Amino acid sequence: MEELNELLKIRREKLSKLKEKNLNPYPYSFKRTHLSAEIIQNFDTLSQNSRTVTVAGRIVTFRYHGKTSFFHLLDNNGKIQVYVKSDEIGEEKFSLLDLLDIGDIVGVTGTVFKTKTGEITVRATDLVMLSKSLRPLPEKWHGLQDKELRYRQRYLDLIATPGVKEIFIKRAKITKAIRNFLDERGFVEVETPILQPIYGGASAKPFKTYHNALGTDLYLRIADELYLKRLIVGGFEKVYEFCKDFRNEGMGRNNNPEFTMIELYWAYADYHDIMELTENMIVAVAKETLGSATITFQGDKIDLTPPWKRISLFDSIQEKIGKDLSQKSTPEIFEIACDLNLNAKLEKNNRGKLIEAIFEEKVQPGLIQPTFVIDYPLEISPLAKRHRTNPNLTERFEAYLHGLEIGNAFSELNDPLDQRERFEEQMKLRALGDEEAQVLDEDFLKALEHGMPPCGGLGIGIDRLTMLLTDCTSIREVILFPQMKPESDVS
């Protein structure tokens with residue numbers, strides 16, 4: 001245990017004094033009648049009838065004036081001021097104030113009134129210690145400015161940084177709104193395995209673990225896709241899952257190794273149907289959580305009203321660089337990428353990834369208003385159905401808002417022979433060193449061989465969608481406990 005500094009010693013001494021008074025500094029429960037916001041909203045009724053209220057919360061300010069004291073309690077709804085006077089609460093209870101610190105959690109009973117400055121306040125008639133804080137909170141005017149500290153000690157961030165709790169309340173409303181939207185349209189929420197013997201459904205490197213009883217390796221899922229498609233084979237026609245996925249990759253402003261997705265699959269639909277579903281769902285979520293179809297992100301107004309713009313991947317690139325890549329060979333595209341000063345050396349022999357790299361660098365940042373980029377190369381879409389008019393493309397789209405990819409969708413590949421060939425091509429890429437290439441899944445192929453109806457599928461990143469709807473520029477701002485480097489690695 002770290003050596004205690006003077007402030008920590010003083011708090012422990014106060015804890016000992018509470019125990020000497022036979023007061024339990026950590027009681028089991030406390031019954032309150034009102035939250036701070038309820039008192040403020042109903043002040044007239046409560047004050048006129050001299051109603052007794054009981055509140056509880058954390059002390060965040062403290063002013064001591066001889067025989068009187070003021071402090072503010074922070075609860076789930078906000079703050080309320082408390083006024084304590086020795087001749088009203090009694091000397092014994094008033095003496096407890098000497099043992100209180102900012103950060104302590106207390107319960108207060110009393111009546112409500114307004115001070116001379118007009119602040120609604122609880123006049124205490126009783127005071128109970130509910131949890132003695134042994135560490136000080138961040139200083140009031142400095143708070144948690146260190147982002148590393150904010151993310152590592154989110155509990156302090158929630159206390160000290162205004163607006164943080166509201167982000168996560170809004171995130172909860174976003175997931176609820178999506179769930180309501182899908183439930184109302186006949187989708188069924190399901191659960192699929194997180195630990196999987198074969199990972200699949202995306203191009204990513206997995207986390208690996210070992211099951212002692214089974215004596216076998218298992219993987220944390222990188223996507224839900226292959227299991228949800230098995231359910232479509234089994235007779236479900238509309239399914240979705242809010243899923244934790246895990247990808248063994250670097251961390252950045254838009255990426256966290258552990259993230260949340262909503263994946264859905266709709267039998268007898270194609271990617272046109274899924275585009276319509278997506279734009280209608282996102283605008284419904286915005287209206288439900290923000291009250292508007294227009295959001296503001298980093299100063300830009302974004303209108304989510306359908307229909308969203310649709311543009312093919314190759315057309316979007318041609319608009320930006322003046323070259324049509326659709327008929328060009330891999331060496332030609334590599335040369336173009338080099339001329340554009342892209343770091344494309346590792347993708348030299350992968351046509352699809354070269355195209356993707358050019359798009360991400362030259363096109364994606366400019367997609368501010370809602371846009372569906374459609375019709376991706378076959379090479380980078382191993383689970384999507386071939387395009388009905390061009391066999392070199394797939395019926396796939398990605399949805400973009402303010403340069404951020406929030407969704408990926410296909411007309412799902414349901415031809416088991418074509419799917420096997422695609423998997424085999426992916427395995428060749430793995431043999432050449434591509435650790436993110438897909439793994440051949442025999443059980444999934446067996447399921448497809450029993451027949452899967454035409455199907456549209458969609459995955460939307462909940463973290464990124466929350467970033468956009470809360471105007472946060474880092475994914476760490478919308479994940480309560482983001483992955484962090486070990487503290488010993490932080491200089």
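Me: Let's start with a single residue. Where is the place of Asn341?

Reply: Asn341 sits in the loop between helix H12 (330-339) and helix H13 (351-362). Helices here are DSSP runs of H or I with at least four residues, strands are runs of E with at least two, and both are numbered from the N terminus. A word on the source: this is a predicted model, where local features need pLDDT of at least 70 and side-chain atom pairs count only at pLDDT 80 or more, while totals for chains, interfaces and linings use all residues. Residues are numbered from 1 along each chain as its sequence is written, and side-chain values use heavy atoms, with hydrogens and water left out.

Me: Why is Asn341 called exposed?

Reply: Its relative accessible area is 71%. Exposed means over 50%, buried means under 20%, and partly exposed covers what lies in between, with a 1.4 Å probe and protein chains only. Asn341 is therefore exposed, at 71%.

Me: What is said of the phi of Asn341?

Reply: Asn341 has a positive phi, about 65°, although it is not a glycine. His402 has a positive phi too, of about 50°, and is likewise not a glycine. That histidine belongs to the loop between E16 and E17.

Me: How do you know that Leu383 is buried?

Reply: Leu383 has a relative accessible area of 2%, which falls under the 20% limit, so it counts as buried. Leu383 lies in the loop between strand E15 (371-377) and strand E16 (393-401).

Me: Which residues does Leu383 touch?

Reply: Contact means heavy atoms within 4.5 Å. Setting aside residues up to four places away in sequence, Leu383 touches a list that includes Gly201, Leu226, Phe410, Leu413, Phe423 and Gln438.

Me: Why is Ala56 called buried?

Reply: Ala56 comes out at 9% relative accessible area, so it is buried by the under-20% rule. Its place is in strand E1 (residues 53-65). Not counting residues up to four places away, Ala56 touches Phe30, Arg32, Leu73, Asp75, Val106, Gly107 and Leu130.

Me: What makes Lys14 buried?

Reply: Lys14 has a value of 16%, and the limit is under 20%, so the label holds. Lys14 is in helix H1 (residues 6-20). Leaving aside neighbours within four places in sequence, its contacts are Asp98, Leu99, Leu100, Asp101 and Lys132.

Me: What is the order of the open sheet of eight strands?

Reply: The order is E6-E10-E11-E18-E17-E16-E15-E14, with mixed pairing. Strand E6 (188-189) and strand E14 (309-312) stand at the edges, because each has a single partner strand and one side is left without a neighbour in the sheet.

Me: How do you know that strand E11 is joined to strand E18?

Reply: Two strands pair if DSSP finds at least two bridges between them. Strand E11 (residues 258-267) and strand E18 (residues 455-461) are joined by seven bridges and run antiparallel, so the pair qualifies. Trp266 stands opposite Gly456 in E18. Helix H10 (residues 271-290) packs on this sheet, touching E11, E14, E15, E16, E17 and E18, and its direction makes about 35° with that of E18. For such angles, axes are lines fitted to C-alpha atoms, for helices over the stretch in contact, and values run from 0 to 180 degrees between N-to-C directions.

Me: Which strands stand at the edges of the open sheet of three strands?

Reply: That sheet has the order E7-E9-E8, with antiparallel pairing. Strand E7 (195-196) and strand E8 (208-211) stand at its edges, so one side of each has no neighbour in the sheet. Leu195 has Leu220 in E9 as its bridge partner.

Me: And the whole chain: how many helices and strands are there?

Reply: The protein chain has 16 helices and 18 strands. Buried residues make up 50% of its 491 residues. Its C-alpha atoms fill a box of roughly 85 × 50 × 50 Å along the principal axes.
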